[in-house]
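Have the sequence and the 3D view open as you read.

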Amino acid sequence: MIKKVLIANRGEIALRIHRACHEMGIETVAVHSTADADAMHVRLANDSVCIGPPASVDSYLNIPAIISAAEITGADAIHPGYGFLSENAHFAEIVADHGLTFIGPTADHIRTMGDKITAKETVKKLGIPVVPGSAGGITDDVTAKKVCAEIGYPVIIKASAGGGGRGMQIVQNADELSVKLQTCRTEAKASFGDDAVYIEKFLLKPRHIEFQIIGDNHGNCIHLGERDCSLQRRHQKILEEAPSPVINDETRARVGGIVAKAMADLGYSGAGTIEFLYEDGEFYFIEMNTRLQVEHPVTEMITGIDIVREQIRVAAGEKLSYTQDMVRFFGHAIECRVNAEHPFTFVPSPGNVTQYHVPGGLNVRCDSAVYAGYKIPPYYDSMVAKLIVSGYTREGCLLRLRRSLAEYVIDGITTTIPLHQALMDNEDFQAGDYDIHWLEKFLKDKTE
Ligand code: ADP
């Protein structure tokens, strides 16, 4: 079994991984930039190593420094968390080459799913329905026009190597196609170092529904149900819930069964998320994430399964602790992402947290590395906490969330808590009646 895990990440997720490790009797190593010397994960880990200056390229993305830190501290495994190096196949290979265990899927699986064109082709062959679109990459106007005429406008052009909601262009009609195709390719090259793009039908009122799966190296793969992540701003998730208000038990079992079987057939090991758009009762695959997701806690809250623990177990070569029959879903859970940003304009607000009080009580979980006196550095992602609550029913969950948001004190900076409070008071949200475009309209009304 693994004895010491280096956590190649920061913030709340570094702490989340640390907690799972310590519950399993595994020691941890924190790595950090100079800007994070006072971070909570650094304070709590058994060992810590400074790996470079604030810029991520010099620290959290600095592969030689991370590998050296593992060697110096005697770590035998590396957990990459999310973001940073978590979906970097090259990193997974280097970790293995140094005799260390990468807590995640194989480099081959990361590579296959990291290229969205290949990912779509792969899952389609495994029986998962995909969004109608081009059969592969698109490089010229003539082919693009042909594809769009077949699927119908509007369409969305997406970077094959894209991520984080970036590298997408929506095209309303044929007149816009050529310019937007060129823009998307140029941006894809600049942002991701790869100008491969593909075209999909742009769905007008879908929900974003994703399935959590986890596989081991013994041919087993189970699903842990779905999460509804339709509340998005600029294609980035703001609030997530499980189960989806529009999915029933029969659909969950059917679609979950399809994805778990597909991933077992692929020989996938580790945690993964199959993301779908869901419209008019149909599921359309958009991408797979081969890592732990920010929103994994809502699944943990309704299943009672520690996903990080399972990741560590399967990486160590053990069997999953659960068979599909053992997975039970109970109640409802919602996660609010708390960002150090203005609640409606999203202008960043890093700085000193002068007072800090976390809500508590039954079924309230707060994943955060913030403490009173902590200085939020301006260099990284603006998410500073995740408030997750569960309840017997969705209604009860909303009441608990409203109460918890009111209790949450983060003084000294501006946060998105008032946005979540406004959502709790909204009738559409209360009714679970929203799609992926709903939040943008809601925010437009708030800021106009
Ligand atoms: P990323 O890897 O950048 O997160 P995704 O492919 O997962 O990109 O898409 C992110 C979001 O963009 C989706 O959740 C959805 O809101 C929107 N989106 C992507 N593809 C489509 C599509 N074909 N139609 C409508 N919206 C889409």
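A polar contact is a pair of N or O atoms within 3.5 Å. The model is predicted.

- Histidine 235 places a polar side-chain atom 3.0 Å from a ligand oxygen atom.
- Glutamate 275 also has a polar side-chain atom 3.0 Å from an oxygen atom of the ligand.
- The protein buries 96% of the 550 Å² that the ligand exposes when taken alone.

**The shell around the ligand**
- There are 22 residues around the ligand.
- Gly165, Lys201, His208, Gln232 and Glu287 come nearest.
- By class, the shell holds eight nonpolar, seven polar and seven charged residues.
- Four strands each supply at least two shell residues: S6 (155-159), S8 (197-201), S12 (270-279) and S13 (282-289).

**Leucine 419**
- Helix H13, residues 417-424, contains leucine 419.
- Is leucine 419 buried or exposed? Leucine 419 counts as buried, because its relative accessibility is 0%, and the cut-off for buried is under 20%.
- Leaving out residues up to four places away in sequence, leucine 419 touches Ile238, Pro343, Phe344, Phe346, Leu439, Phe442 and Leu443.
- Leucine 398 is 21 residues from leucine 419 in sequence. Their C-alpha atoms are 14 Å apart in space.

Note on methods: Residues numbered from 1 in each chain as written. Predicted model: local features only at pLDDT ≥ 70, side-chain atom pairs only at ≥ 80, totals over all residues. Heavy atoms only, no water. Near = heavy atom within 4 Å. Polar contact = N/O pair within 3.5 Å; in protein donor to acceptor, adjacent residues only side chain to side chain. Areas by Shrake-Rupley, 256 points an atom, 1.4 Å probe, with all protein chains shown as cover. Nonpolar A, V, L, I, M, F, W, Y, C, P; charged D, E, K, R; others polar. Buried < 20%, exposed > 50% of the residue type's maximum accessible area, 1.4 Å probe, protein only. Contact = heavy atoms within 4.5 Å.
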